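Here are my notes for you to read alongside the model. Keep the viewer open and find each spot as we go.

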Amino acid sequence: NISNSKLATKGGIKVTTVYKNTIQDISGCRHLGIAYEPDTVVSADPETCSKLTCSETAVLETIGCGPLERCQGNNTCVVDTTCTVTGPTVINVHGQLNFIKDRCAYSLVSIPSIPNLYLVANFRDRRREDVSLLDSVILRLDGPGVHIHLEQGGRVWLDNSMLTLESLPQLVHGVQLSQDQTGVTAKLSLSNLNISVFFDGYTAQILLEGPAGSSVEGLCGNSSRSLSDLRLSEYSSTSCEMQYSEPADTTIDCTSVTERCNLLKEAPFSSCNTDIDPEPYITACTDTLCKYPAVDGLNCQFLKAYARACSLHNHAQDGWTSKTGCSSEAFCQDRTCSDHEFCGEKTVSGDTRCFCRAIFSSKYQEINSLGDATVCMQDSASVTLVGCLVEDKRINYSALQLNDPTCRGQVDELTHMVTFSFNSSNRCGTVVTTNNSYVIYKNTIRSQNYSFDVITRNQFQIDFSCVHSQPNIHTATFRIRDCSVAQKISCGAWNYTLIIKAYTDAGRTQVVQLNSQVRLNQRIWVELETNGLDGSMVTVVSDSCWATNQASPTSSPRHDLIINGERYSDCANPADLTVAVEQNGLGTSTLFSFNMFRFTGGSGEVYLHCKLHLCPKEETSCIPNCNAAARRRRSVGSKYEGEASIGMSWTH
């Protein structure tokens, strides 16, 4: 009563023998003609960390290092993997590709066992508003306390201090920092995990080495988390998620782009294809360069990133530079650009300069401007041009000047903004003109010696100005019994104040106060004074002054003190011999005097009203000529008028 049955298994034969009602399992594995019992080691190679076993279910199994690990010898597996961040893409340690479409900061690497360690990538726009590229990398250590910033141009910052690096490593907070012609490298070891970060200003590559089973999170590691979960608001601007759109660049030949990106499948790159999949790099290359122009080193950027990833895993790509026409040196390694700029190709020969970022420059391009609005202060004016916008016009901003050639722009070395200014002590050739509403102070930014060149292709000229305006005639009525009254006049950013005071002495020390009483025939001096005007450039002229017994300047009866007529413009009324114009058109204040009077049958109050205007000192007509009986009046276009009133009470 014996029956046998055979069942073939992978790598072995399972034989079951039945003795009556008793079953005995004598399964096993067969390898190279030798049978092995289940749950035994068939063979092992410590140098390759590989092990062949016969499993409990009689299946031959090969056990080795994990997909992100390599054998270190002596049956020891370690994590050895690379993450590449280049352009708008992240190729993580699993070879998966992510595209970043905004201008935010993201966590690249975080280690659960090392809570204070973060590697952060910042993405920014450059030539297009709708494409964001890797801009900088931040290594955060010990919580928020220590930040090492790797930026374009080979700049490395420790918090707010810039570091000077060489090819020999410099230890900074446990991080070995070094720099050569290819870029900056930061290396650190924490909890048996070695991290190496390389950044050339455009591509970051992170090499992770550590014990088997090490867990990596962030864009470079765990791919199950969404981009929004990995976005870091503390390193991002509030508007970083805003999406932009631009018309397609019709000059891009996507077919040629694809052919170039597919060079990664050819020699010498092909020798690395079995260990590092080129497809994510090819996809990143074609998708980016079919939308964004292949300039500023981007034509070589993805090829260089793959070549370096291969070299990190002992696959040197000899001859790749001659194959592609690329250089292994970093692009724009020693040029420093401001936050609103990026370093790019100036000419096809490889010369570089700082260009404006697309989103930053768009607000100026919309209004066809090269800078901000004129800033008008108390006695000065300034205008600031954006250096990279001026350079876009092929203008050397260091050769610009104002009307006075000695007045040159001041360049901010950090922002590359260029500021031109003039003030009361240095007018820089400012021209003062008037119209019906304003006194205008105008200067011009122009190319140096532009009018003496035999030929010119880039003539540059920008006018900028500030203005003064008069007080509103409907709100300029004041009463002396309320003490002196000041009215603030605004025009743009230039302000000045008009103050009207009455005095009972020629030295103007005894101001008519709230409770002052003025006697009939008492001598009164009235001063209209301004604060905030530049006395070297403009004067105040009283055109006419008159008195009424009511607050309204148009009420009647009326008595003229200073007459603005055909015969006696801006001069004392010859019918009132007590009136004396003591100062008019000489500076920023006017002064006249008269003997106090009252209106017959009226109340004990007298209101004075004066019409005045501002006049550029360059106009000889600013000073009234009261000796000319028939002086020609100034043209209305040369004035800029306003009216003020003042009231007084009198007593016997």
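1. Let's start in a loop: proline 268 sits between helix 2 and helix 3. Helices here are DSSP runs of H or I with at least four residues, strands are E runs of at least two, and both are numbered from the N terminus. The peptide bond leading from alanine 267 into proline 268 is cis, with omega near 5 degrees.

2. A word on what you're looking at: this is a predicted model, where local features need pLDDT of at least 70 and side-chain atom pairs count only at pLDDT 80 or more, while totals for chains, interfaces and linings use all residues. Residues are numbered from 1 along each chain as its sequence is written, and side-chain values use heavy atoms, leaving out hydrogens and water.

3. Proline 557 belongs to the loop that links strand 39 (538-548) and strand 40 (558-563).

4. Back to helix 3 (residues 279-289). Eight of its 11 residues are buried, so the rest of the structure largely encloses it. Buried means under 20% relative accessible area, exposed means over 50%, and partly exposed is in between (1.4 Å probe, protein chains only). Among the buried ones are Tyr281, Ile282, Cys285 and Leu289. What do the buried residues of helix 3 pack against? Their neighbours are strand 10 (77-86), strand 11 (89-91), strand 12 (97-99), helix 2 (254-261) and helix 4 (298-312); a contact means heavy atoms within 4.5 Å.

5. Aspartate 159 has a phi of about 55 degrees and lies in the loop between strand 17 (156-158) and strand 18 (161-163). Histidine 416 has phi near 65 degrees, in the loop between strand 29 and strand 30 (417-423). Are they buried or exposed? Aspartate 159 is partly exposed, at 32% relative accessible area, whereas histidine 416 counts as buried at 14%.

6. To pair, two strands need at least two bridges found by DSSP. Strand 26 has two bridges to strand 27 (residues 380-386), and cysteine 376 has alanine 381 as its bridge partner there.

7. Finally, zoom out. The protein chain has seven helices and 45 strands, and 48% of its 652 residues are buried.
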